[in-house]
Amino acid sequence: MFKSDLEIAQAAKLAPITEIARDLGIEDRIEQYGHYKAKIGLDVMDVEQPDGKLILVTAISPTRAGEGKTTVTVGLGQGLAHIGKKSVIALREPSLGPVMGIKGGAAGGGYSQVLPMEDLNLHFTGDIHAITTANNAICALVDNHIHQGNECDIDIENVVFKRCLDMNDRNLRQVTIGKGSAANGVERNDGFNITVASEIMAILCLATSYDDLKARIGKIIVAYTTDGQPVHVKDLEIEGAITMLLRDALKPNLVQTIEKTAAIVHGGPFANIAHGCNSVIATKTALKLGDYAVTEAGFGADLGAEKFFNIKCREAGLTPDCVVIVATIRALKMHGGVDAANLKEENVEALAAGVENLAKHIDSVTKYGVPYVVAINHFAHDTEDEVAFLMNWCGQNEHPVEISHGWADGGAGTAALAKKVVEITETTKADFHVLYPKEASFEEKILTIAQNMYGARDVVYSDEAKATLEKFRTLGYGDFLICMAKTPASLTDNPSVVGRPKDFAITINEVRISAGAGFIICLAGGVLTMPGLPKKPGALNMDLTSDGDYVGLF
């Protein structure tokens, strides 16, 4: 019988974090958070030595069957070490919303996990709590400014910076604050985002120094005046105080994999409602510390990889050397129409239909000029005929491919994938380029993403979205990048449409600005920036024993 991820993690023997740091040559540049976690100094990313190779792990459109993108990322890092390469992985921090909800944690799985798994999936080093505090401090100071005389002439009907909480809580999407007497402040409508959708999270993940962080925070638009002009954090003269709250959170976190290879875990924006990448600082630090830096972007290539290339790489000056596209036979069968209850049954016909989703994500990745390899994340119920079909399909279409057994066998199970990645990076030079120029109009950028990454025919805008785009253009933000907020479950904006749909339009219902992050957020379909919990959340199965051991984390 298989052990659970938590049981495997709890049985593992961890090395002191000082040993992991010593192997990297940075023992004197860490601040320990207990025995197995540490913060890395910001200066490490600026050491004068060549960068390693940058490997991005992305995936097909996710399904309830699971794709195991993080498991492959961790496994690949271990696999590179297994074949004698110095590797460092860079991942995002998990949010308590999905941990307590339906998706679970983000530490990988099986024998390809980041440890300590329990700490990582819960409070970790407090980064997300610091982001929540910084975000809500801005909100408190804005409302206090209004209460104390409103010198900036803020229109209380046009305060746009929302409070946040690191939990799925649908009841907080729309709230009224300041109710009661005048002593409770000015009554107005407000709302909450989940912390991973906060602009503070995006800024922290794009900032490269304390000065950069402070400057970006100062540019945040919190509200508009009664004559329609933006009010920034710097107008309230609070950017220094907010940056102070994030001093330690800006430093990346060092932990380890189950095979004691280095892992940097830092930042955690979702890719469906934010830009979906771990911090620039974490990735740049990994590039200095390893011959291979393996990172991932959230959800499928249509969301995470697109934002990794067009936002993160562009802003940070990064050049990826190879992309790993993760697919599972289980998920491809769901894209081919198989119900989740029947995934253990062999169905090559459904696999043949569902493989079109993989084909689209491969097509999308090739548009950036970066070589790729398909990683088939193997599950126990995959049949020989199904594996043979998918391997043959890749071969016939000249897609490099390897099977990953990282969940069951760790680094040994991903050694073949690691060798393929090394071969590709040593023989094929990336011709990396972004998908659109900053100078293009908002509409041109959005259409370029929709057509090239989703396969859409057109983009449709609500009247409100059209008016907001025009307002941002008039205010001088026309060269901002685009961050699409869309369901991850489909290439369309309808989560029930699987496979590779064609002849569809993307509908933009709402547009927001993250002026400190430097991008415009376009909300497509019914996507929400404060998710809700399912009928039976994962929290129902979680517990703490009398000995202080965790139960039910996944």
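A residue is called buried when its relative accessible area is under 20%, exposed when that area is over 50%, and partly exposed in between (1.4 Å probe, protein chains only). The model is predicted, so local features need pLDDT of at least 70 and side-chain atom pairs count only at pLDDT 80 or more, while totals for chains, interfaces and linings use all residues. Residues are numbered from 1 along each chain as its sequence is written, and side-chain values use heavy atoms, with hydrogens and water left out.

T195 is buried because its relative accessibility is 0%. This residue sits in the loop between β11 (192-194) and α7 (199-206); helices (H or I, at least four residues) and strands (E, at least two) are DSSP runs, numbered from the N terminus. Contact means heavy atoms within 4.5 Å. Beyond the neighbours within four places in sequence, T195 is in contact with I128, I131, T132, C164, L165, D166 and M201. With T132 there is a polar contact between side chains, at 2.8 Å. A polar contact is a pair of N or O atoms within 3.5 Å; within protein, one must be able to donate a hydrogen and the other to accept it, and residues adjacent in sequence count only if both atoms are side-chain atoms.

R163 belongs to strand β8 (residues 163-165). With a relative accessible area of 17%, R163 is also buried. Its side chain makes a polar contact with the side chain of D190 (2.6 Å).

Helix α16 (residues 415-427) has 13 residues and spans 18 Å from first to last C-alpha, close to the 18 Å expected at 1.5 Å a residue, where the expected span is 1.5 Å times one less than the number of residues. Buried residues of α16 include L417, V421 and I424. The axes of α3 (residues 69-82) and α16 come within 8 Å and cross at roughly 80 degrees. Helix α3 is therefore roughly perpendicular to α16, a label for angles of 65 to 115 degrees. In this pairing, V72, L76, G79, L80 and H82 of α3 meet A415, L417, A418, V421 and V422 of α16.

L475 lies in the loop between α18 (463-474) and β21 (481-485). Its relative accessibility is 24%, so L475 counts as partly exposed. Leaving aside neighbours within four places in sequence, L475 is in contact with Y224, G228, Q229 and P230.

Conventions:
Axes are lines fitted to C-alpha atoms, for helices over the stretch in contact, and angles run from 0 to 180 degrees between N-to-C directions. Angles under 35 degrees count as roughly parallel, over 145 as roughly antiparallel, 65 to 115 as roughly perpendicular and the rest as oblique.
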